[in-house]
Amino acid sequence: MSLTDRVRSANVTLRLFLIFLAFALLPVSGLAILGINHISETSAQQIDRMLISEAENVGEIIVGRLDLAQEYLALHAMEVREGSTVGTHDGDRRIRKTKDALWFGLAPAGFIAIAGEDVATEEHLRQAGTVMLRVPGETAVEDVYLVRALDPADLELGLATVLVGEQFLLGDTDSRNLIQDNCVYASDGTTLFATSASLCGSFAGTMDDYAGYHRKTVEGTDYYMAFRKLLLQENFLTGNWKVSVITTENEVLLASKVFQKTFLTFAALVILTPV
């Protein structure tokens with residue numbers, strides 16, 4: 001066979017090989033690309049659901065703890081009426097005892113005026129209800145109190161109070177999930193409790209709906225923030241709070257990135273196997 005014939009034969013063989021590669025690899029490559037796109041969309045949807053679900057879980061915990069504080073407050077008021085807790089309310093926020101990171105006390109009827117509350121508050125107290133008051137704090141911008149009348153028929157006898165602290169609502173550092181930060185906002189957007197005051201303040205005012213999430217860059221780090229509304233108005237006459245969970249983007253996307261890398265490796269092996 002002449003050199004020319006050998007060159008022609010080699011060209012034909014190369015063309016046949018390229019045709020084989022095209023017909024063998026193009027369908028697999030196309031399916032791999034479609035699979036990667038589908039996985040990316042599915043991962044994004046799962047992340048959305050995961051973030052909002054986490055905010056809902058934290059919100060349910062906070063509502064449950066507020067209900068527990070309300071029960072403790074009712075017991076405290078009963079103890080005062082029965083005389084098992086002694087002392088007079090000579091100060092607006094006199095502390096009597098503590099329990100589970102709650103601070104119980106007594107206050108005169110005028111205490112509700114400090115928070116600028118109105119006739120609706122007094123009426124709620126007369127119906128043996130519990131109200132939530134936000135007053136200027138000593139160590140925080142505002143302190144949050146639950147307040148209950150010692151005798152609903154006579155508010156002048158005084159009020160039983162409980163100061164709700166951050167440790168009670170959000171847990172101490174030993175029990176918290178340290179890969180995320182939790183924030184609690186009042187109905188007007190004021191940050192009431194925060195595991196990171198600066199980070200929670202960065203997302204304040206971005207929660208207009210009942211629930212949702214936002215992505216934001218703070219000091220060069222990308223964060224995801226999921227939130228939901230807490231319906232407290234009917235029970236505590238305080239407006240509806242909002243709770244948020246903030247996590248770094250890297251932490252949120254970690255599982256998704258690992259799965260996508262595994263899929264890409266598998267797809268590459270499938271594509272290269274025929275070769």
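How many of the 8 residues of strand E10 (residues 241–248) are buried? Of those 8 residues, 7 are buried, and E10 is mostly covered. Buried here means under 20% relative accessible area, exposed means over 50%, and partly exposed lies in between (1.4 Å probe, protein chains only).

## Model and conventions

This is a predicted model, in which local features need pLDDT of at least 70, side-chain atom pairs count only at pLDDT 80 or more, and totals for chains, interfaces and linings use all residues. Residues are numbered from 1 along each chain as its sequence is written, and side-chain values use heavy atoms, with hydrogens and water left out.

## The chain overall

The protein chain has 7 helices and 10 strands. Helices (H or I, at least four residues) and strands (E, at least two) are DSSP runs, numbered from the N terminus.

Buried residues account for 37% of the 275 residues in the protein chain. A contact means heavy atoms within 4.5 Å. Take the contacts between residues at least 6 apart in sequence: 53% of them join residues at least 24 apart.

An open sheet of 5 strands runs in the order E7-E6-E10-E9-E8, with antiparallel pairing. Strand E7 (191–194) and strand E8 (211–218) are the edge strands, each pairing on one side only. From one strand to the next, the twist averages 25°. Two strands pair if DSSP finds at least two bridges between them. Strands of a sheet pair through backbone hydrogen bonds, either parallel or antiparallel.

E10 has strand E6 (residues 180–185) as one antiparallel partner, joined by 6 bridges. Cys183 has Ser244 of E10 as its bridge partner. Tyr185 stands opposite Lys242 in E10. Strand E9 (residues 221–230) also runs antiparallel to E10, and 8 bridges join the two. There, Met225 stands opposite Ile246 of E10.

Why is strand E2 (residues 102–107) described as largely enclosed by the rest of the structure? Because 5 of its 6 residues are buried.

E2 pairs with strand E5 (residues 159–164) through 6 bridges, and the two run antiparallel. Within this pair, Trp103 stands opposite Leu163 in E5.

Key. Axes are lines fitted to C-alpha atoms, for helices over the stretch in contact, and angles run from 0 to 180 degrees between N-to-C directions.
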